[in-house]
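The sequence and coordinates come first.

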Protein chains: 2
Amino acid sequence: MANKKRTTLKDIALRLQISTAAVSKALHNDARISSKTKEAVKKIAKELDYQPNHLASALRKGKSNLVGVIVPRTNSNFFSSVIQNMEEVLNKEGYNIIITQSNESYQKECETIDTLLFTQVDGIIASMANETIDLEHYEKIKSKGIPLLLFDRGENNLNVDYIGIDDYASSHMIVEHLIAQGCKRIAHIGGYRHTRIFNNRIKGYLDAIAKHGLPLEQELLIESSLSKEDGREKMNQLLSLKQKPDAVYIASDYAAIGALQLLEEKNIKVPDEIALVGFGNEPFTAMVSPAITSVEQHSSKIGKLAAKTFLEHMRKPVLKQQLNKIILNAELIIRDSSKRM
Amino acid sequence: MANKKRTTLKDIALRLQISTAAVSKALHNDARISSKTKEAVKKIAKELDYQPNHLASALRKGKSNLVGVIVPRTNSNFFSSVIQNMEEVLNKEGYNIIITQSNESYQKECETIDTLLFTQVDGIIASMANETIDLEHYEKIKSKGIPLLLFDRGENNLNVDYIGIDDYASSHMIVEHLIAQGCKRIAHIGGYRHTRIFNNRIKGYLDAIAKHGLPLEQELLIESSLSKEDGREKMNQLLSLKQKPDAVYIASDYAAIGALQLLEEKNIKVPDEIALVGFGNEPFTAMVSPAITSVEQHSSKIGKLAAKTFLEHMRKPVLKQQLNKIILNAELIIRDSSKRM
DNA sequence: TATATTTGCTTAATCGATTAAGCAAATATA
DNA sequence: TATATTTGCTTAATCGATTAAGCAAATATA
């Protein structure tokens, strides 16, 4: 298994006694190369198992055809499905993606961006980490003139394309569903307000509560990291209230499953004593019992749209990126955890 | 937002009226560059926000410092955790990883390998797709002299390093656990035999059954794609037997959850009528009720070990890659789905 | 037949970073 | 003081692929 040197254009050129320029053009079907030469070149290329050196062509062309993707984690059906669909669309156009995870950490997100810039990606498609408040590292991408596109977790003031669902409306929809089920005291375990989407969910919750004249108390609205563990903890906090809620809307399925487990342990009946709604429609919401009502975010559409929007950007690069929101309608999937009627 | 041209060594060299060679060496702390020059170079580099062009240096050095990772999917706790741990170790040594998914498809796996080779990765760490039988595309990696390392799903006859658990022993352990719980007719929904790990699990199952003198019938051993849907279907097949099993060991948690849902729908009591064991210890096995007994594969260890083994390979490249197996002990996590005593 | 155009290639430069080779000045050693 | 060594840089080549510019031969057009 000698570390065989890779075949280069030069090798083919030498074999055929023509210039590397001719070989390159032949392989790219340049009109000014005779079909006789093209055939000969392709034959030898196949014979020598020639594969172009991406580094060299990317360097020369100033274009790597790589797209960086940053997600908080891949271990979630939502992100994994977004990525898969994005990849499908981008692959067809000759782009490959590099997937990186921020693990919800601000520092890791910064490092990840440096890595991607270093790898000379042609653009970055990202969903922000929970921890992220400061946007300097994203500004850095923009300042280098590299197209940036955000999905799901994005911030308006970055002024880049954004694709996501209408969080405000989704929250509204959830609260009205719970009211329709006869719930009168609805709590919300939300994400941190500094994240736009969670802030919107909180606003939607508050407005819907107000609209229907339900109690709108401080103690019913709790911010959380939305991890499974924290969902459990925050649910415990709600259970310790003098006046317990009769419904809890949790802004993430992961936190919701933690909460559900606690309720089960404490023998609190779901949905009769407390109705439960999650967010994200992760597969496990349908696996547990009672199955958890949740919101489908149409990850496959988000992925495909993100890719298409990116491709448009590549086709006609503008000098200035703008905030251009694409908002999809989410869908409430009603399951046993909130079905009282 | 003018598409600012990136700073290059040349820009720094021009500013200081020295050669690009001197700048390059200064940035790499070459001993033959005066500290005065080094300081000046670093100052200007910072001022101009210089970031080395990875494509150029990789091309020149013939080393990209990129490692390609191929997994069947990222949307599983096992693979996601392996990746995360692998990344951690590799990042520390200056390597970055490119994650790709085969989606369990042979064709996608081939494409993915081409992409990675094209991107000039320094090595590939992979877990094979379910569909994969033919190994030609993996041989291609080896023939290019690029280090290949397999984990979890690997094949002996590729003769490369492998890291995984002892599937045979794990199966054995599961069957003996079920026997200890009083089960007398144990079925196995396994993966396809052509995949080494699934074949080993089947062998472990058969040997353990034989060892304890239990019925070893054709109809109790079913091969499956191990998806959630197929788990459901194959469980249905087992339920239609004249003599139903009193325990089913399923080679994947995903198939196990499908099976569990069917059992629930049919009002069959788990574990009393049928005890259930999965494989992989995915988080949802602890979320559902009854919680599913499963096998923890120590994904974090596998990830770290894979990375370390790869790094060793990079340090002292040998001419010939060899089969060098690292086998970890798996751990049986006993939960309600199989607890009869 | 004389000129214009097209065809099919070659030459040489380029993308940035790195590095072997080498040179002059500074310093050390005999 | 004369030679050897070290220091601190420069020059030029290189990694492969691509492409602008250009040239000679072939072909088309007037």
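## Helix packing in chain B

Helix α1(B) passes α3(B) in a right-handed crossing; a crossing is right-handed if the near helix is turned clockwise from the far one by less than a right angle, and left-handed if anticlockwise. The model is predicted: local features need pLDDT of at least 70 and side-chain atom pairs count only at pLDDT 80 or more, while totals for chains, interfaces and linings use all residues. Residues are numbered from 1 along each chain as its sequence is written, and chains are lettered from A and ligands numbered from 1 in the order in which they are written.

α1 (residues 9–16) and α3 (residues 35–47) of chain B pack at an angle of about 120°, with their axes 10 Å apart. Axes are lines fitted to C-alpha atoms, for helices over the stretch in contact, and angles run from 0 to 180 degrees between N-to-C directions. Helices (H or I, at least four residues) and strands (E, at least two) are DSSP runs, numbered from the N terminus. The two helices α1(B) and α3(B) are therefore oblique to each other (under 35 degrees is roughly parallel, over 145 roughly antiparallel, 65 to 115 roughly perpendicular, the rest oblique). On α1(B) the contact is made by B:Ile12, B:Arg15 and B:Leu16, and on α3(B) by B:Ala40, B:Val41, B:Ile44 and B:Ala45; residues are in contact if their C-beta atoms, placed from the backbone, lie within 7 Å. This contact of α1(B) with α3(B) divides into six nonpolar residues, no polar and one charged. Ala, Val, Leu, Ile, Met, Phe, Trp, Tyr, Cys and Pro count as nonpolar, Asp, Glu, Lys and Arg as charged, and the others, Gly among them, as polar.

## Helix packing in chain A

Helix α5 (residues 77–92) and helix α13 (residues 299–315) of chain A pack at about 40°, with axes 7 Å apart. That makes α5(A) oblique to α13(A). The crossing of α5(A) past α13(A) is right-handed. Contact residues include A:Phe78, A:Val82 and A:Met86 of α5(A) and A:Ile302, A:Ala306 and A:Lys308 of α13(A). By class, the contact of α5(A) with α13(A) has nine nonpolar, six polar and two charged residues.

## Parallel sheet in chain B

Four strands of chain B form an open sheet in the order β7-β6-β8-β9, with parallel pairing; two strands pair if DSSP finds at least two bridges between them. β7 (221–223) and β9 (275–277) of chain B stand at the edges with a single partner strand each, so one side of each is left without a neighbour in the sheet. Neighbouring strands are turned by 15° against each other on average, direction ignored.

Three bridges join β8 (residues 247–250) of chain B to β9(B), where B:Val277 is the bridge partner of B:Tyr249. Helix α11 (residues 253–265) of chain B lies across β6 (186–190), β8 and β9 of chain B, at about 150° to β8(B).

## Relation and contact of the chains

The same surface serves both copies, as 100% of the contact residues of chain A recur in chain B.

In the contact, 40 residues of chain A meet 41 residues of chain B. Elements giving two or more residues to the side of chain A include α4 (54–61), β2 (96–101) and α6 (106–118) of chain A. The largest share, five residues, comes from α4(A).

Notes
Two residues are in contact if their C-beta atoms, placed from the backbone, lie within 7 Å.
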